[in-house]
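Here is a short note for someone opening this structure.

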Amino acid sequence: MVDVPEPAPDDAMPGMVQLLAVRHGETTLNAAGRLTGQLDPPLTARGREQGAALAPLLATGGFDVVVHSGTLRTAQTLAAAGVPEPWRVDARFLERSFGALEGEPAARWTGAADVHAAPPGEGETYAALAARVAAALGDLAVDLGGSGRVLLCAHSGVLRVLRALSGEARDAAAFLDGAAANGAVLHMAYDNAPAVPAFLTAPAS
């Protein structure tokens, strides 16, 4: 079952963007223990159940913007949760690219303990992922005039980055320890484009 937290109060931190981010439900590649990256597998039956379990939190409406990465799995999760359209697509919320390793067993990625490592074949570092996610958040803040409620359906790496941007993960060790399960939920409030923390912008010397 998905642990669904209580929604944040509507009047919490007025004058800020209130972001509720969820990770999509389980996919066929997740179930097989394979790296997904920017491949586009569908949800499993369990993944659809995880999306439906989010309905009490997500389907009530009240969001100024609903955005997802444009993948089948994020769209299927929103649909399973009963989230009304329209939904905005922003590819900057795509999962990190694993390059040539996408679709391979997760054990093939040997740089998992290094936030500055890029998978082979034009894979993406966490620094690059964090930069594009922060830019997308900044644009959302501009669109909303600095205040509003946003629902984002995205991916494990994106939620990991959001934890760092919100200050919950203050160093690389905490960042790498913060994997998001399928159907995980994260609340975040910010007033403009969040600053990317130093441990993601410059490799340790």
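1. Start with charge. The chain carries 14 positive and 22 negative side chains, and the centres of these two sets are 5 Å apart.

2. Note the basis. This is a predicted model, where local features need pLDDT of at least 70 and side-chain atom pairs count only at pLDDT 80 or more, while totals for chains, interfaces and linings use all residues. Residues are numbered from 1 along each chain as its sequence is written, and side-chain values use heavy atoms, without hydrogens and water.

3. Next, the elements. The chain has 8 helices and 5 strands (DSSP runs numbered from the N terminus: helices are H or I, at least four residues; strands are E, at least two). From the N terminus their order is β-α-α-α-β-α-β-α-β-α-α-β-α.

4. Then the sheet. Its 5 strands form an open sheet, ordered E3-E2-E4-E1-E5, with mixed pairing (strands pair if DSSP finds at least two bridges between them). Strands E3 (88–89) and E5 (185–190) are the edges, each pairing on one side only.

5. Look at one pair. Strand E1 (residues 17–23) runs antiparallel to E5, with 6 bridges. Leu-20 stands opposite His-187 in E5.

6. Last, burial. Of the 205 residues in the chain, 51% are buried (under 20% relative accessible area, 1.4 Å probe, protein chains only).

Terms used. Buried means under 20% relative accessible area, exposed over 50%, partly exposed in between (1.4 Å probe, protein chains only). Lys and Arg count as positive and Asp and Glu as negative; His and the chain ends are not counted. The place of a charge is taken as NZ of Lys, CZ of Arg, CG of Asp or CD of Glu.
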